[in-house]
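Here are my notes on this model, as numbered points. Please read them with the structure open.

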Amino acid sequence: MVPFTDEIWMAVRLTIELAALTTIILLVLGTPLAWWLARSKARWKEVIAAIVALPIVLPPTVLGFYLLVALGPDGLGGVLSTFGGARTLAFTFEGLVVGSVVYSLPFVVQPIRNAFEAMGGRPMEVAATLRASPMEAFWRVAIPLARPGFLTGAVLGFAHTVGEFGVVLMIGGNIPGETKVLSVAIYDFVETLRWREANILAAGMVVFAFLVILAMMLLERRMRRVAP
């Protein structure tokens, strides 16, 4: 087995950075969205929920194609990138972050929404009788009670971002140190017949996937124990 080369370490580092940043952004953006989906009585909220869930069923190449168009010079990404002196967000790390946030959004929003819905309305009503403002009740009551949902969403969001391939390849390409994440590196090693390097990364991904599944099972088991 060959040692870990700089090329492999670069792909590992880039993947971890992408997954960590994406997870943080998803928790910040997904929390108010999940709260609204859980608490709103709007008839069209399930339309929004369906839009959020689209990445689950859409082929990655389809989503990647439209993201590539949106991030390209003629799309919104081209307009935004001009503020930084660039022509496009496609084939950049920033573009990968945008694509990863869109692609992994349902895997973070849905567990948090489920946790908010399982909480019910009673805790917030009790907080209101104690003269807590809606914001205080949200941070001091809803967030702690929904903690299992946040943990599940964070784990799933991070793991799903690590395992991305189709979307990141479409919008990021294969630029070492910039967009060449683990899944793309494996594909590149296989195409160039570098089987040992591909085996190192693929085996690592198998171990990582096993640990994620095990963590989810243990978390679910713990949640069942503490449930009233």
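1. A word on patches before the first finding. A patch is made of residues with over 30% relative accessible area and no salt bridge; like charges are joined within 9 Å, and nonpolar side chains (Val, Leu, Ile, Met, Phe, Trp, Tyr) within 5 Å. Accessible areas come from the Shrake-Rupley method with a 1.4 Å probe, and for residues only the protein chains shown count as cover. A salt bridge is a side-chain nitrogen of Lys or Arg within 4 Å of a carboxyl oxygen of Asp or Glu.

2. This is a predicted model: local features need pLDDT of at least 70, side-chain atom pairs count only at pLDDT 80 or more, and totals for chains, interfaces and linings use all residues. Residues are numbered from 1 along each chain as its sequence is written, and side-chain values use heavy atoms, with hydrogens and water left out.

3. The nonpolar patch. Trp44, Val47, Ile51, Leu54, Ile56 and Val57 make a nonpolar surface patch of about 620 Å². Val57 belongs to helix H2, residues 45–57. Helices (H or I, at least four residues) and strands (E, at least two) are DSSP runs, numbered from the N terminus. Val57 has a relative accessible area of 64%, so it is exposed. The cut-offs: buried is under 20% relative accessible area, exposed is over 50%, and partly exposed is in between (1.4 Å probe, protein chains only).

4. Overall build. The protein chain has eleven helices and zero strands. Its C-alpha atoms fill a box of roughly 65 × 45 × 30 Å, taken along the principal axes. Of its 228 residues, 41% count as buried. The chain exposes about 13,100 Å², and carbon and sulfur atoms supply 70% of that area.

5. Contacts along the sequence. Contact means heavy atoms within 4.5 Å. Take the contacts in the protein chain between residues at least 6 apart in sequence: 72% of them join residues at least 24 apart.

6. The H7 and H8 pair. Two packed helices are described by the angle between their axes and the distance between the axes. The axes of helix H7 (residues 134–145) and helix H8 (residues 147–162) come within 4 Å and cross at roughly 60°. H7 is therefore oblique to H8. Axes here are lines fitted to C-alpha atoms, for helices over the stretch in contact, and angles run from 0 to 180 degrees between N-to-C directions. Angles under 35 degrees count as roughly parallel, over 145 as roughly antiparallel, 65 to 115 as roughly perpendicular and the rest as oblique. Ile143, Pro144 and Leu145 of H7 meet Arg147, Pro148 and Phe150 of H8.

7. Helix H10. How much of H10 is buried? Seven of the ten residues of this helix (residues 182–191) are buried, so H10 is largely enclosed by the rest of the structure. The buried residues are Leu182, Ser183, Val184, Ala185, Ile186, Asp188 and Phe189.

8. Salt bridges. The whole structure holds eight of them. In one, the side chains of Glu17 and Arg13 meet at 3.0 Å, N to O. Both residues lie in helix H1 (residues 6–39), four residues apart, about one turn of the helix. Glu17 is partly exposed at 37% relative accessible area, and Arg13 is partly exposed at 40%.

9. A link across the chain. Arg113 forms a salt bridge with Glu46, with the closest N and O atoms 2.7 Å apart. This pair links distant parts of the chain: Arg113 is in helix H5 (residues 93–119) and Glu46 in helix H2, 67 residues apart. Arg113 is buried, with a relative accessible area of 7%. Glu46 is partly exposed, at 42%.

10. The network. Glu7, Lys180, Asp188, Arg194 and Glu197 are linked in a network of salt bridges. Glu197 pairs with Arg194, the closest N and O atoms being 3.5 Å apart. Glu197 is buried at 13% relative accessible area, while Arg194 is partly exposed at 27%.

11. Backbone checks. Phi of Phe91 is near 60°, a positive value in a residue other than glycine. Phe91 sits in the loop between helix H4 (76–81) and H5, and is partly exposed at 41% relative accessibility. Phi of Leu193 is near 60°, also positive in a residue other than glycine. Leu193 lies in the loop between H10 and helix H11 (195–226), and is exposed, with a relative accessible area of 59%.
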